[in-house]
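Work through the exercises below with the model open. Each task is followed by its solution.

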Amino acid sequence: GGIFGHGTYLAEDLAKCDQYVKGDTRQGEFAELHAELYDEHLKHPGNVFYVFLCRIAMGHFCRTQDNRMNMDTRGDLWSSPLRELAYIPGVKPPEPFHTLLAELGMSIQRYREFIVFH
């Protein structure tokens with residue numbers, strides 16, 4: 001997990017992804033991937049970095065800058081020490097927020113992050 005716990009971390013700026021990608025420097029290093037991407041007509045170019053381009057539905061999300069407080073409700077971000085998101089106010093039966101948007105501020109300095117929890 002990352003700073004906000006276990007989940008899928010996404011970014012709106014490709015520069016954030018650059019912090020996590022590993023270079024693919026030669027044909028055959030990732031055989032299954034290469035079989036899908038390259039053939040006799042399209043050769044491996046030598047130094048490649050891969051990212052997924054995703055569009056997500058965030059549902060009812062909450063926002064934070066400090067990993068503790070929901071910016072919109074001013075309440076706790078988490079409902080338990082297990083880092084489960086707090087419940088959406090006024091919803092019956094109780095339903096936790098679906099995703100988290102980490103805004104620039106205290107914990108996040110350069111790029112916003114979008115976290116989908118499993």
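Leu37 counts as partly exposed because its relative accessibility is 37%; buried means under 20% relative accessible area, exposed over 50%, partly exposed in between (1.4 Å probe, protein chains only). The model is predicted: local features need pLDDT of at least 70, side-chain atom pairs count only at pLDDT 80 or more, and totals for chains, interfaces and linings use all residues. Residues are numbered from 1 along each chain as its sequence is written, and side-chain values use heavy atoms, with hydrogens and water left out.

**Exercise 1.** Locate Leu37 in the secondary structure.

*Solution.* Step 1: find helix α2, residues 31-37. Helices are DSSP runs (H or I, at least four residues), as are strands (E, at least two), numbered from the N terminus. Step 2: Leu37 belongs to this helix.

**Exercise 2.** Is Ala102 buried or exposed?

*Solution.* Step 2: read its relative accessibility, 0%. Ala102 is therefore buried.

**Exercise 3.** What does Ala102 contact beyond four places in sequence?

*Solution.* Step 1: apply the cut-off, heavy atoms within 4.5 Å. Step 2: list the partners: Phe4, Thr64, Ile108, Arg112, Glu113 and Ile115. Step 3: check Arg112, which is 10 residues from Ala102 along the chain, with 5.6 Å between the C-alpha atoms.

**Exercise 4.** How many helices and strands does the protein chain have, and in what order do the elements run?

*Solution.* Step 1: count 2 helices and 4 strands. Step 2: read from the N terminus: β-α-α-β-β-β.
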